[in-house]
Amino acid sequence: MRSVVVAALVSASLLGLGAAPGGSPPPLPSPLPLPLPARMADTGGGSQLITAVAAKTGSTSGTLTWWERHNGRWAKAGSAAARFGAKGLVEGAARRQGTNTTPTGLYGLPYAFGIKEAPGGTTYGYRAVRKNSWWCQDNDSRFYNRWVEPRPADCRAGESERLISYEQQYAYAFVIGFNYEKPVRGRGAGIFLHVNGRGATAGCVSVSAAAMRRMLRWAEPSKKPHIAVGTAGGGTAITRY
């Protein structure tokens, strides 16, 4: 009698697992979500990408991640907490200068620069900041949205940044190619990925100094790194870029 009872219990257990004839098979595990770059409309054509994502356009903080593609698959290389403009984020094509907003979109990274020496192992183009290094933000200047050294007469100091004055923020930085190739006056100038200051930025993206050093060692010119800035959803969703 005991063996009959045991057999009945085993049969019932198998039926509960869907292993007995006529039972439903167990559900298949859900597929892993694709990495963010694989869900984006464009990644710039290279094999390195930086993504900076905020929850919504009114956010002043979010997450920055750097990615690398191997054998056609994107993998995370690192991440860090990020800060954005004090007035949040706005579509890059609609941005106006002086609004303290970070432009969303996909951009190249023309070169890096810094007040400190480039971290050991850096292969990306790195320009040293000197006492007479300025970033011209004067809409009336022929050098609008360009590094100038020394500052030319038609680039007013009050409308530009003396880079060495931002000892903490510009210890290390990448130039973000927003409004850079063919500058539209009034849209904005001097948008960088740089070291955190005291709080939100004036329109740049910022991370810790340690994260900047890691990215400078990681970035390779031959892999054509780009940066994509956007929100988790909505009209400025990062997956649109």
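Gly234 is found in the segment after strand S14 (226-231). Helices (H or I, at least four residues) and strands (E, at least two) are DSSP runs, numbered from the N terminus. The model is predicted: local features need pLDDT of at least 70, side-chain atom pairs count only at pLDDT 80 or more, and totals for chains, interfaces and linings use all residues. Residues are numbered from 1 along each chain as its sequence is written, and side-chain values use heavy atoms, with hydrogens and water left out. Gly234 is exposed, with a relative accessible area of 58%. Here buried means under 20% relative accessible area, exposed over 50%, and partly exposed in between (1.4 Å probe, protein chains only). Gly234 and Ala55 are separated by 179 residues in sequence. Their C-alpha atoms are 9.9 Å apart.

The protein contains 2 helices and 14 strands. Of its 241 residues, 44% are buried. The protein exposes about 12500 Å², with accessible areas taken from the Shrake-Rupley method with a 1.4 Å probe, only the protein chains shown counting as cover for residues. A contact means heavy atoms within 4.5 Å. Among contacts between residues at least 6 apart in sequence, 61% join residues at least 24 apart.

Two strands pair if DSSP finds at least two bridges between them. Strand S1 (residues 48-54) and strand S2 (residues 61-70) pair in the antiparallel sense over 7 bridges. S1 and S2 form a hairpin with 6 residues between them. Val53 has Thr63 of S2 as its bridge partner. S2 also pairs with strand S3 (residues 73-83), in the antiparallel sense and over 10 bridges. Trp66 has Gly78 of S3 as its bridge partner. The hairpin of S2 and S3 has 2 residues between the strands. In this hairpin, Asn71 takes a positive phi near 50 degrees. In a regular strand the side chains alternate between the two faces of the sheet.

Ser47 lies in the loop between helix H1 (2-16) and S1. Ser47 counts as buried, at 17% relative accessibility. Neighbours within four places in sequence aside, Ser47 is in contact with Trp67, Glu68, Arg69, Trp74 and Lys223.

Leu109 is buried, with a relative accessible area of 5%. Its contacts, again leaving aside neighbours within four places in sequence, are Ile50, Tyr124, Phe174, Val175, Ile176, Pro225, His226 and Ile227. Ile50 is 59 residues from Leu109 along the chain. The C-alpha atoms of Leu109 and Ile50 are separated by 10.0 Å.

Backbone geometry follows. Most residues other than glycine have a negative phi, and most peptide bonds are trans. The peptide bond from Glu149 to Pro150 is cis, with omega near 0 degrees. Pro150 lies in the loop between strand S9 (146-148) and strand S10 (160-162). Asn179 is not a glycine, yet has a positive phi of about 55 degrees. Asn179 is placed in the loop between strand S11 (173-175) and strand S12 (192-195). It is buried, with a relative accessible area of 10%. Lys224, also not a glycine, has a positive phi of about 45 degrees. Lys224 belongs to the loop between helix H2 (209-218) and S14. Lys224 is exposed, with a relative accessible area of 51%.

A cavity is a set of points where a 1.4 Å probe fits but cannot get out. A pocket is an open set with protein on both sides within 12 Å along at least five of seven lines. Lining residues have an atom within 4 Å of a point. Grid points are joined across faces, edges and corners, and a volume is the space filled by probe spheres set on the points. The count comes to 1 cavity of 30 Å³ or more. The largest cavity holds about 30 Å³ of space. Its lining consists of Trp135, Asn145, Val175, Ile176, Phe178, Tyr180, Gly190, Ile191 and Phe192. The largest pocket has a volume of about 460 Å³. It is lined by 27 residues, of which Glu161, Tyr170, Ala202, Gly203 and Cys204 lie nearest its centre.
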